[in-house]
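The sequence and the structure are shown first.

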Amino acid sequence: MARLFGKDWTKAELMRHVGDVDQLGGARRIMLVEGNEAGSEAVLFRNGAGLNFIAVAGRGLDITSAEYCGQSLCWRSQTGDTA
């Protein structure tokens with residue numbers, strides 16, 4: 001049972017409303033390609049409650065960017081998401 005949008009849902013109930021469970025959240029491995037971040041591997045995490053963050057694999061999954069419902073939760077340095 002998952003809690004989403006203030007309601008408890010079964011998997012069957014959720015799947016009646018979405019085509020793919022990835023629409024609700026998940027983790028995706030990404031490769032950064034611009035500037036001094038080029039070549040850095042990262043993981044983008046999202047959940048249905050509005051929490052999204054990026055963790056850089058080359059830094060022990062250090063969280064480099066986080067937001068909740070579109071509001072930033074962190075300070076970002078000029079160096080970006082480098083390994």
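## Cys74 and the segment after E7

Cys74 lies in the segment that follows strand E7. The model is a predicted one, and the values below are computed from it. With a relative accessibility of 28%, Cys74 counts as partly exposed, because the partly exposed class lies between the buried limit of 20% and the exposed limit of 50%.

Leaving aside residues up to four places away in sequence, Cys74 is in contact with Thr64, Ser65 and Ala66. Eleven residues separate Cys74 from Ile63 along the sequence, and their C-alpha atoms are 9.2 Å apart in space.

Leu51 belongs to strand E5. Its relative accessibility is 29%, and Leu51 therefore counts as partly exposed. When residues up to four places away in sequence are not counted, Leu51 touches Phe45, Arg46, Glu67, Tyr68 and Leu73.

One of the residues touched by Leu51 is Phe45. How many aromatic pairs does a search of the whole structure find? The search returns one. That pair consists of Phe45 and Phe53, whose ring centres are 4.7 Å apart and whose planes meet at 20°, so the pair is stacked. The class follows because planes under 30 degrees apart count as stacked. Phe45 is partly exposed, with a relative accessible area of 26%. Phe53 is also partly exposed, at 21% relative accessibility.

## Two glycines in loops

Gly25 and Gly35 each have a place in a loop: Gly25 between helix H1 (11-15) and strand E3, and Gly35 between strand E3 (26-31) and strand E4 (41-46). Are these residues buried or exposed? Gly25 counts as buried, its relative accessibility being 18%, whereas Gly35 is exposed, with a relative accessible area of 66%.

Gly25 touches Arg46 and Asn47, again without counting residues up to four places away in sequence. Arg46 is also among the residues that Leu51 touches. Between the C-alpha atoms of Gly25 and Gly60 the distance is 22 Å, with a separation of 35 residues in sequence. For Gly35 and Gln23, twelve residues apart along the chain, the C-alpha atoms are separated by 30 Å.

Most residues other than glycine have a negative phi. Leu61 has a phi near 60°, a positive value in a residue other than glycine. Leu61 is placed in the loop between strand E5 (51-56) and strand E6 (62-68). With 46% relative accessibility, Leu61 is classed as partly exposed.

Cys69 likewise has a positive phi, near 50°, and is a residue other than glycine. Its place is the loop between E6 and strand E7 (71-72). The relative accessible area of Cys69 is 52%, and the residue is exposed, because the exposed class begins over 50%.

## The chain as a whole

The protein contains one helix and seven strands. Read from the N terminus, the order of the elements is β-β-α-β-β-β-β-β. The radius of gyration is 15 Å, well over the 12 Å that the globule rule gives for 83 residues, so the protein is more spread out than a compact globule. Along the principal axes, the C-alpha atoms fill a box of roughly 45 × 20 × 20 Å.

Of the 83 residues, 24% are buried. Among contacts between residues at least 6 apart in sequence, 19% join residues at least 24 apart.

## Surface and charge

The protein exposes about 5,900 Å², and carbon and sulfur atoms supply 54% of this area.

How values were computed:
Residues numbered from 1 in each chain as written. Predicted model: local features only at pLDDT ≥ 70, side-chain atom pairs only at ≥ 80, totals over all residues. Heavy atoms only, no water. Helix = DSSP H or I, 4+ residues; strand = E, 2+ residues; numbered from the N terminus. Rg over C-alpha atoms; globule rule 2.2 N^0.38 Å. Buried < 20%, exposed > 50% of the residue type's maximum accessible area, 1.4 Å probe, protein only. Contact = heavy atoms within 4.5 Å. Areas by Shrake-Rupley, 256 points an atom, 1.4 Å probe, with all protein chains shown as cover. Phe/Tyr/Trp six-rings, centres within 6.5 Å; stacked < 30°, edge-to-face > 60°.
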